[in-house]
Amino acid sequence: VARGRRHGDDLLRTLAGDLVPEAATQGRQAIRADGSVIRPTSPSDPTPAQVREAVLRHVRAGPHGLAHFRWSHEAAVSLERLWRDMRARGVKLVVFTPPYHPAAWEALRRDPDHRTALDSTAAFLGGLATQLGARFLDASDPAVIPCGETDFYDMQHARPPCLERLW
């Protein structure tokens, strides 16, 4: 605080006309303060069956990068440095892996390469969190929360009720 001003006050003043309570978005797309997206609602939203089919197509196509997963030592070292620096500055870390749509989770777990990628990532994050005194939850399995098929927009983007249960 410098002379009664808080960090971020300039941004709040700049956006003042565009900031509304989440309940007032009235089905329109918006961005939360944490950067997450509020999805617009539409009478033509896909059915759970349509979402499930799109999810399974997405898993089969493999654009999410798990099919040819290769551990990145550089990324792991960078993340460890970041977390260590944050902890050294007194930041309390709460880390989680977000849930996958249940159909995606089942399909990913059936494939040995995908399973290895998921397990090694969770093991690394969990081990690092333990070393640094951070809280960690591997919520990639939607049953951990629990979140069902209707709790997802797509393969990896959960609707607010699922995220509320996560928190």
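How many nonpolar, polar and charged residues does the lining of the largest pocket have, by class? The lining has eight nonpolar, three polar and three charged residues (Ala, Val, Leu, Ile, Met, Phe, Trp, Tyr, Cys and Pro count as nonpolar, Asp, Glu, Lys and Arg as charged, and the others, Gly among them, as polar). Keep in mind that this is a predicted model, where local features need pLDDT of at least 70, side-chain atom pairs count only at pLDDT 80 or more, and totals for chains, interfaces and linings use all residues. Residues are numbered from 1 along each chain as its sequence is written, and side-chain values use heavy atoms, with hydrogens and water left out.

**The largest pocket**
- The largest pocket holds about 360 Å³ of space, the volume being the space filled by probe spheres set on grid points that are joined across faces, edges and corners.
- A pocket here is an open set of points on a 1 Å grid over the protein atoms alone, where a 1.4 Å probe fits, with protein on both sides within 12 Å along at least five of seven lines; lining residues have an atom within 4 Å of a point.
- There are 14 lining residues, and Arg32, Ser36, Val37, Ala158 and Leu163 sit closest to the pocket's centre.

**α2 with α4**
- Helices are DSSP runs of H or I with at least four residues, strands are runs of E with at least two, and both are numbered from the N terminus.
- Helix α2 (residues 48-61) and helix α4 (residues 102-110) have axes that come within 9 Å and cross at roughly 30 degrees; axes are lines fitted to C-alpha atoms, for helices over the stretch in contact, and angles run from 0 to 180 degrees between N-to-C directions.
- α2 and α4 are therefore roughly parallel (angles under 35 degrees; 65 to 115 is roughly perpendicular).
- From α2, Arg52, Val55, Leu56 and Val59 make the contact with Ala103, Ala104, Glu106, Ala107 and Leu108 of α4 (contact means heavy atoms within 4.5 Å).
- That contact splits into seven nonpolar, no polar and two charged residues.

**α4 with α5**
- α4 packs on helix α5 (residues 112-132) at about 105 degrees, axes 5 Å apart, which makes the two roughly perpendicular.
- On the α4 side are Trp105, Leu108, Arg109 and Arg110, meeting Pro112, His114, Arg115, Leu118 and Asp119 in α5.

**α3 with α5**
- The axes of helix α3 (residues 73-88) and α5 come within 11 Å, crossing at roughly 25 degrees, so α3 is roughly parallel to α5.

**A cis proline**
- Going from Ile145 to Pro146, the peptide bond is cis, with omega near -5 degrees.
- Pro146 is in the loop between β4 (135-138) and α6 (160-166).

Definitions and conventions: Angles under 35 degrees count as roughly parallel, over 145 as roughly antiparallel, 65 to 115 as roughly perpendicular and the rest as oblique.
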